[in-house]
Amino acid sequence: MDKLLIDGGVRLSGKVSMSGAKNAALPILAGTLLATEPVQIRNVPHLKDVTTTIALLQTMGAEVTVGDRLSVEVDARNISRLEAPYELVKTMRASILVLGPLLARFGEADVSLPGGCAIGARPVNLHVAGLQAMGASVKVENGFIKARAKRLKGANIMFDMVTVTGTENLLMAAVLADGVTVLENVAREPEVLDLANFLIGMGARIDGAGSSTITVHGVQSLGGTEYTVLPDRIETGTYLVGAAMTGGHIRVEDTAPETLDAVLIKLREAGADITVGDNWIDLDMHGARPTAVNVRTAPYPAFPTDMQAQFCALNAVAIGTGTVTETIFENRFQHVLELQRMGANIRLEGNTAICTGVERLTAAPVMATDLRASASLVLAGLAAEGQTLVDRIYHVDRGYERIEEKLLQLGATIRRVL
Ligand code: UD1
């Protein structure tokens with residue numbers, strides 16, 4: 001099993017380019033199932049979750065060609081199997097995203113109940129309730145969600161809580177439904193907007209994406225398009241936190257600064273000197289230790305849960321005491337136990353991690369438990385004294401493209417070992 005070996009204590013410095021957003025690429029790849037012509041997608045990050053999604057499309061009969069410069073062409077004209085098997089779904093919860101498109105285009109979908117990150121119960125009841133409101137019959141049998149509908153019908157759907165993939169699934173179902181669908185209290189994440197723009201490129205009629213109400217006028221069919229995936233804001237935030245924790249100075253390029261407002265506010269509060277351009281962010285700590293900050297996760301545009309673990313790591317080496325409150329997922333604090341093993345002074349009180357920073361973390365062998373938790377351990381390793389071994393980094397590889405290469409470019413001492 002791959003591990004990352006990190007010699008800590010180096011200030012990150014230099015330039016680094018961001019990859020396409022994992023959480024936009026996955027729904028967009030699932031959305032290719034809606035098209036009756038080939039679709040070309042660019043800036044697709046080379047990640048385990050993307051490979052899994054491509055394998056999923058292939059098992060259904062889609063022809064997928066991975067080209068150079070991170071482009072992927074999907075030809076979903078000859079889909080023959082309307083099923084997402086457990087072997088693939090168990091490794092990636094986002095596989096649930098094929099449910100809406102398959103049902104909308106073919107009237108039938110069997111999707112294994114998802115696995116993925118062990119960060120709480122993460123049910124899919126809202127996905128299912130929405131499809132039922134659109135006229136689908138849905139039952140759970142042998143571990144599969146089995147959905148049927150001759151043709152989905154437009155409906156008014158109000159989400160009980162904000163769900164990102166739930167919004168995306170129902171959006172993809174609605175684009176081919178008969179009539180108008182109004183989705184209320186939807187996720188406003190930039191990745192939802194990116195998916196909507198991609199679907200519009202294929203001929204979908206969607207208004208309001210990026211706001212809390214989306215209106216969809218169903219169309220008969222969708223055609224081909226070429227689309228470039230937006231940059232990854234969580235990857236961007238992770239490198240910026242790395243620089244902040246090590247007193248460094250980096251410029252993150254090929255990113256979308258407007259998607260990172262909440263994160264940049266907190267980094268400025270932590271003492272970072274930040275300059276923003278069209279597609280880059282420059283962060284300079286002038287060699288200083290960060291100041292501890294308080295963050296509270298909430299749906300976009302508030303502070304993202306996917307940056308929570310990284311800010312726990314930041315507070316661990318900061319001056320003063322800061323709190324990180326998680327409101328989206330229960331049980332998303334596995335990284336805290338590992339950070340404690342590196343000398344972090346953190347305690348958990350309910351859904352809040354209270355941390356008083358220490359001058360230096362000390363290296364230790366640690367274990368990645370989920371995607372963003374593992375990123376926080378890599379960051380802690382970069383700031384720690386000594387050699388940190390991060391085990392089970394397949395979690396990191398699900399979401400960070402060439403992490404050790406990018407960190408090496410920023411001057412870190414890091415290598416992958418078996
Ligand atoms: C997506 C992101 C993930 C991010 C999360 C929150 C992708 C592929 N993954 O996950 O990186 O951490 O958004 O920003 O985009 N819920 C229900 N019932 C449902 C659906 C969700 O109760 O049917 C709850 C969940 O348990 C959770 C909350 O709603 O407490 C938000 O989850 P959701 O936004 O759905 O997360 P994902 O879409 O799975």
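1. The buried residues of helix H11 (residues 334-341) are Gln-334, His-335, Val-336, Glu-338 and Leu-339. Here buried means under 20% relative accessible area, exposed over 50% and partly exposed in between, with a 1.4 Å probe and protein chains only. Helices (H or I, at least four residues) and strands (E, at least two) are DSSP runs, numbered from the N terminus.

2. This is a predicted model, in which local features need pLDDT of at least 70 and side-chain atom pairs count only at pLDDT 80 or more, while totals for chains, interfaces and linings use all residues. Residues are numbered from 1 along each chain as its sequence is written, and side-chain values use heavy atoms, with hydrogens and water left out.

3. The cover over the buried residues of H11 includes helices H10 (308-316) and H12 (371-383), together with strands S20 (345-349), S21 (352-356) and S22 (365-367). After H11 comes Gly-343, with a positive phi near 95°.

4. The largest nonpolar core contains 81 residues, and Leu-199 and Ile-206 have the most contacts inside it. Such a core is a set of buried Ala, Val, Leu, Ile, Met, Phe, Trp, Tyr and Cys residues joined through side-chain atoms within 4.5 Å. Helix H1 (residues 22-31) supplies the largest share of this core, six residues. Apart from this core lies another, of 66 residues, among them Ile-234 and Ile-346.

5. Ile-28 is found in helix H1 and is buried, with a relative accessible area of 0%. Leaving aside neighbours within four places in sequence, Ile-28 is in contact (heavy atoms within 4.5 Å) with residues including Ile-41, Phe-198 and Val-229.
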